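This briefing goes through one protein chain, from its overall build to individual side-chain pairs. Please keep the sequence and the coordinates open while reading.

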Amino acid sequence: MKSVSMCFSPTGGGEKIAKAIRRGMDGNLDEGMEPYLFVIPVYGGHMPVPARECFEKVCVTDNRPAILVAVYGNRAFERALVDLEDFVCERGFCPIAAAAFVCEHSYSTADTPIAAGRPDEADLQAAEDFGRRVREKLLAGSLSPIHAADLQDEPSPEASVKKFVAFVQSFRARQAVAPQKPVPSLDKDLCSGCGICVSACPVGAIQEDLSVDAARCINCCACVKACPAGARSFRTPFARPLSECFSVRKSPRWLL
C-alpha cells in the first residue's frame, strides 16, 4: 500500500514511528485510496504551530483517508490528536485511524531520563501492528471516520499528576513576575563549528554565529540531540519533575 507521509519530527522519534507504520501497511491498494499519514509531536498537550505551518499547503478534494498519529514524552497527549483531526478535516481529509505513541522526551538527559530510548523495539512492533490493522480496514472497504476525542490518555498515578500540576502552577506564578524563556546553550570549548545544529533546527532558530534566536526557538532540542560533540545543552526546570512524575511506562494506544 502506498501512503503519503507528512511528518514533523524534530528529534526523529516520530519519523521512526512513521516508518514502522508504513512497514505494517506495505501492500497493494486501489489507486486513489492511498492514505495520508500525519505524524506530529505533542507540545503542551496540543499540535505545535510549526507542524501546522509544515502541513499548511496539503489539501485534497476527494475525502482522502487520513491516519492521525501523535508522539509524546510519556506524560499525556491530551488534545493534540483532536487538534490534528480538526486540521486535516478542514483540508478535505477523512480521518479513519488515530494513534498515540511514546517517544523519548526532548528534555530527557542522562540525569533526568524521560521515556529514554523510546520508541524501542516493542513500540516499533506495535506501530507495525497498527499499520497492518489500518491496511486491513482499508482493504475491507471501510472508510468509517473516527473521532480523535474517543482515544483517551492512559492515566498516570494520581499523586504524580498532582505533584506535576503543583509544579506547573508554581512555575507560572514565577513567570508572571519575571518571565524567562531558556534556549539551548553552546559550550564553545566543545563546539567544532560543524553547523549540524543549524541544519537540524526545524524552525531556523540558530543563526550563522551559532547563537539561538529565542523568538523562533521552540525548545524541541533537535540541536542538542544532533550535536556530535555534545556542545549543545538545554536546562529547563521541567526536566526533573517530568522525569520524577512520569517514569511509569505508558503503552501505545490507537483507534480504528
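The model is predicted. The chain has eight helices and seven strands, and 47% of its 256 residues count as buried. A search of the whole structure finds 15 salt bridges.

**Overall dimensions**

- The radius of gyration of the chain is 19 Å, which agrees with the value near 18 Å that a compact globule of 256 residues would have.
- The C-alpha trace spans about 55 × 45 × 35 Å along its principal axes.
- Of the contacts between residues at least 6 apart in sequence, 80% join residues at least 24 apart.

**Nonpolar cores**

- The largest nonpolar core holds 34 residues, and Phe38, Ile40, Phe55, Leu81 and Phe93 have the most contacts inside it.
- Two or more residues of this core come from each of strand S2 (36–41), helix H2 (49–55), strand S3 (65–72), helix H3 (80–90) and strand S4 (94–102).
- H3 gives the largest share of this core, six residues.
- Apart from this core lies another one of 22 residues, including Ile17, Ala18, Met25 and Ile67.
- Not counting residues up to four places away in sequence, Phe55 touches Met6, Cys7, Phe8, Phe38, Val39, Ile40, Met47, Phe87 and Arg91.

**Helix H3**

- H3 is mostly covered, with eight of its eleven residues buried.
- The buried residues in H3 are Ala80, Leu81, Val82, Asp83, Leu84, Glu85, Phe87 and Val88.
- These buried residues of H3 pack against S2, H2, S3 and S4.
- Gly92 follows H3 and has a positive phi, near 90°.

**Salt bridges around Asp123**

- Asp123 forms a salt bridge with Arg118, at an N to O distance of 2.7 Å.
- Arg118 has a relative accessible area of 7%, so this residue is buried.
- Asp123 also counts as buried, because its relative accessibility is 1%.
- A salt bridge also joins Asp123 to Arg249, with an N to O distance of 3.5 Å.

**Other salt bridges**

- Lys162 and Glu158 form a salt bridge whose closest N and O atoms are 3.3 Å apart.
- Lys162 and Glu158 lie four residues apart in helix H5, so about one helical turn separates them.
- Both of these residues, Lys162 and Glu158, are exposed.
- A network of salt bridges links Arg23, Glu128, Asp129 and Arg132.

**Asn74, a buried polar side chain**

- Asn74 is found in the loop between S3 and H3, and counts as buried because its relative accessibility is 2%.
- A polar atom of the Asn74 side chain lies 2.9 Å from the backbone oxygen of Val248.
- The side chain of Asn74 also has a polar atom 3.1 Å from the backbone nitrogen of Lys250.
- Leaving aside neighbours within four places in sequence, Asn74 is in contact with Val102, Ala115, Arg118, Phe246, Ser247, Val248, Arg249 and Lys250.
- Among these contacts of Asn74 are Arg118 and Arg249; Arg118 forms a salt bridge with Asp123, and so does Arg249.

- Glu154 is found in the loop between helix H4 (121–139) and helix H5 (158–177).
- Which side chain of opposite charge is nearest to Glu154? The nearest is Arg253, 4.1 Å away.
- A polar atom of the Glu154 side chain lies 2.9 Å from the backbone nitrogen of Ser251.
- Beyond neighbours within four places in sequence, Glu154 is in contact with Arg249, Lys250, Ser251 and Arg253.
- Arg249 and Lys250 are among the contacts of Glu154, and both are also among those of Asn74.

How values were computed:
Residues numbered from 1 in each chain as written. Predicted model: local features only at pLDDT ≥ 70, side-chain atom pairs only at ≥ 80, totals over all residues. Heavy atoms only, no water. Buried < 20%, exposed > 50% of the residue type's maximum accessible area, 1.4 Å probe, protein only. Lys, Arg positive; Asp, Glu negative; His and termini not counted. Salt bridge = Lys/Arg side-chain N within 4 Å of Asp/Glu carboxyl O. Polar contact = N/O pair within 3.5 Å; in protein donor to acceptor, adjacent residues only side chain to side chain. Contact = heavy atoms within 4.5 Å. Core = buried A, V, L, I, M, F, W, Y, C linked by side-chain atoms within 4.5 Å. Rg over C-alpha atoms; globule rule 2.2 N^0.38 Å.
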